[in-house]
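Colleague: I'm new to this one. Could you walk me through it while I look at it?

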Amino acid sequence: MDTFEAPIHPFRRAWKSRSFLIGLCLASLILIAGFISLFWTPHAIDSLNVANRLQASSSQHWLGTDQYGRDILSMLMIGARTSIIVALIAVGIGLLFGVPLGLLAATKRGLVEEAVMRTNDLIFAFPAILSAILITALLGPGAVNAVIAIGIFNIPVFARVARGGALSLSGRDFLLAARLSGKSGLRITLEHVLPNIANLLIVQATIQLSLGILAEAGLSYLGLGPQPPLASWGRMLNEAQTMMAFAPQLALYPGLAIVVSVLGFNLLGDGLRDLLDPRLRRRIR
Amino acid sequence: MAVFSAKNLSVSINGTPILKNVSFSLAKGEILGLVGESGSGKSMSALAAMQLLPDGATQDGSIRYKKHEIVGASERTMNEVRGRSISMVFQEPMTALNPTKTIGDQVSEGLLWHFKMTRQRALERTQKVLERVGLPFDNHMLDRYPHQLSGGQRQRVVIAMAIACKPRFLIADEPTTALDVTIQAQILALLKEIVRKDQMSLLLISHDLAVVADMADRVAIMKDGEIVEHGPTGQLFRTLSHPYSQQLVEASSHIPKARTRPLDPDAKPLLAVEGLVRTYPLPKRSVFEKRQYHTAVNTVSLRILPHESVGLVGESGCGKSTLARTVLGLEEPTKGHISFLGKNPFEVSHKEEKALKRGIQAVFQDPYGSFDPRHTIAKTVAEPLHLLRHEISETAKNGKVIAALEAVGLKPQDAHKYPHEFSGGQRQRIAIARALVTEPQLIVADEPVSALDVSIRAQILDLLADLRDRLGVAYLFISHDLSVVQAITDRVIVMNGGRIVEEGSTEQVFRHPKHPYTRMLVAAAPDLNASLKRRHKAEIKARTARQKS
């Protein structure tokens, strides 16, 4: 049977895919925590209360407080929001620039394709995190620059996926039929190619989201990410470092949050791939 | 005693029955033809015989090779049997061969495994087997890779792999379906010769009745996992008793009704092509090399009259599809002139171009690849109406879509469904509806029935003939299948190597082919009635000889 014969409702099988379900739960946990932090956190975190510092878990502070007396649960919730926003915008940058470039390369072929793909290779050749550090070091630390740095490395990823997907469709008769209908290349791309590669892009976006969260944590650990008073997991880890000996929970909680979110979005991406990619569908029958 | 027999064999996959109580047997040196349409279970029978059933399959019944029971045999026993005693020739030689291994390695693999001979001895044997299947003798053949061979040569290699260990029972699953007719004739002759000489038993699986009638001693006709009729070939075709087998035979030699709308030979041609050349640049092997070009279409001229049906025949790579794409305006000619409705489609204004595009539409070969799986039928069929985008209203558009669907025998309700909800034949109807929606004068049909089962093929041919008379459309009908072209066209053009080698009325070209290539093509094309006649004559001859003695 045809590989592109995607059923219209792949989510009917969703409950059978364990990785999809676990991923969905973990990712939702992070997303909901971040979302709630927009309106409410258990405690405010922008005021220091040294008298309250390094408290253990209690009914007042569920996860205790840090060395400045800030509520850890509140910090984690705001950190979730920061990570997700940074990663989301970075994925958005990747989609916005990468997909058109990839589609352009696939439709124009020749020199255009060479130019796009070789530039991609060039960006790929640099280790992503290292170059992100370079960019934020040059432009100065901060949330915006972190987003730009991570976003740039998403562009070639999406360009590759889009080009590959478009090329696998290129011999299809329905594209010829569309050309016979007098449709322009751009129109055919928007009407036929893009909807047919949307699955691939959604899966890739989910995986890039988890990588983005990790990158944001890395940058803010080095002090190059979002600056205080905005909380971020990476900086929480950094600040916990000096306290490791007598308050290891300070490092444990943000570390766990990073693990849960990266694992969650990765599993979600894998699950989505199983559900949406018909070539792998046999695995979960 | 039977070399191989299956008795009450039933196979189901995940609870869905695929084979139901199938029984057949083959004596030494006998050829059994297994015929049926797609989904009839013929390939599954072959897989069961090799015990290569897919995951989730359960089986019941008995399969015997000589005295050994195969159903339920251990994988270890089967590894001894496969290749050594029972062997198989696959359909698609390109995927049946490993692209990263040499021919010599692939053919000798079975010898090394089954006979534990030295590599030197195995390669010597391999050389002999390759000669046996008619591959040219040279020392390099063993070192070649599959991509360096032609399609026919590759299939010879696949046969060589199958017969290397001298199995007693050979299975050939659609061994020539992927090949051109002239190559098909050679491969079938080779298979027959090998089986006769070495006294092998052959299970020949095919959808093509003509091929089976020509090759097999006995024939079994399958439908929905059951053998509906079987017997000695000549007798079976003379006294078909099951309605399905009658229908199958009728459909395979089906000729749609003759045209009722007469042609006007003096009319201005709808399409005129003069001296058309289309070349493609070949990749350069080094930077300094002068670029080489491949001429796909070489100085071709043709005319199509209003509501005339013209067939374009040739083997793969002869340039027929390139010609079709150029005529459709999908590719620009390198040289030459195309005139459609009196205008050159490559030199007209944008508005005129839209009008010309409305006048010529296409139906493609693959009923699965020609639709966007994410668009409804309504959206798919309405797509060419993009050419009328500022001229007609949304309601008029819907009206045209419904009319086109009804013209091809589909219901207006079908408009809201998606392509995957339809069978192959229905999809081809939808493709025709899409081509009809702009009311074109000419439809270019590139192998429109090649991917369809014979009974569906007959229906689509009827539909095309009916539309020709009812709507007065002209066809450029491209096919490698001579019987299809013969059934539906008024005039035939034969192409070979990018050039037209013969042109004339369909009857004249098929009855009295002039060009040697056309003669070869006509002779090689399998024909059910001709092979049954030949068989009948041979039977009578044998009987009289027996009576004399």
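Colleague: What is the strand order in the open sheet of 3 strands in chain B?

Modeller: First, a bit of housekeeping: this is a predicted model, where local features need pLDDT of at least 70, side-chain atom pairs count only at pLDDT 80 or more, and totals for chains, interfaces and linings use all residues. Residues are numbered from 1 along each chain as its sequence is written, while chains are lettered from A and ligands numbered from 1 in the order in which they are written. Strands are DSSP runs of E with at least two residues, helices are runs of H or I with at least four, both numbered from the N terminus, and two strands pair if DSSP finds at least two bridges between them. With antiparallel pairing, the order in this sheet is E12-E11-E14.

Colleague: Which are its edge strands?

Modeller: Look for strands that pair on one side only. Those in chain B are strand E12 (293-304) and strand E14 (335-340).

Colleague: How many bridges link E11 and E12 of chain B?

Modeller: Strand E11 of chain B covers residues 271-281.

Colleague: What is the order in the open sheet of 6 strands?

Modeller: This sheet is also in chain B, and its pairing is mixed. Its order is E6-E7-E8-E3-E9-E10.

Colleague: Why is one side of E6 and of E10 left without a neighbour in that sheet?

Modeller: Strand E6 (86-89) and strand E10 (226-232) of chain B stand at the edges of the sheet. One side of each has no neighbour there because each has a single partner strand.

Colleague: Which residue is the bridge partner of B:Ile86 in E7(B)?

Modeller: E6(B) runs parallel to strand E7 (residues 169-173) of chain B, and 4 bridges join them. In E7(B), the partner of B:Ile86 is B:Phe169.

Colleague: And which helix packs on the sheet there, touching E6 and E7 of chain B?

Modeller: Its direction makes about 175° with that of E6(B); angles run from 0 to 180 degrees between N-to-C directions, with axes fitted to C-alpha atoms, for helices over the stretch in contact. Touching means contact, so C-beta atoms, placed from the backbone, lie within 7 Å. The helix, at residues 151-163 of chain B, is H6.

Colleague: Over to chain A: how many helices does it have?

Modeller: Its C-alpha trace spans about 75 × 45 × 30 Å along the principal axes. There are 0 strands in chain A, and the helix count is 9.

Colleague: At what angle do H2 and H7 of chain A cross?

Modeller: Two packed helices are described by the angle between their axes and the distance between the axes. Here the axes of helix H2 (residues 72-108) of chain A and H7(A) come within 8 Å. They cross at roughly 145°.

Colleague: Which element gives the largest share of the side of chain A that touches chain B?

Modeller: 19 residues of chain A are in contact with 22 residues of chain B. On the chain A side, helix H6 (173-180) and helix H7 (185-221) are the elements that give two or more residues. The largest share, 7 residues, comes from H6(A).

Definitions and conventions. Contact = placed C-beta atoms within 7 Å.
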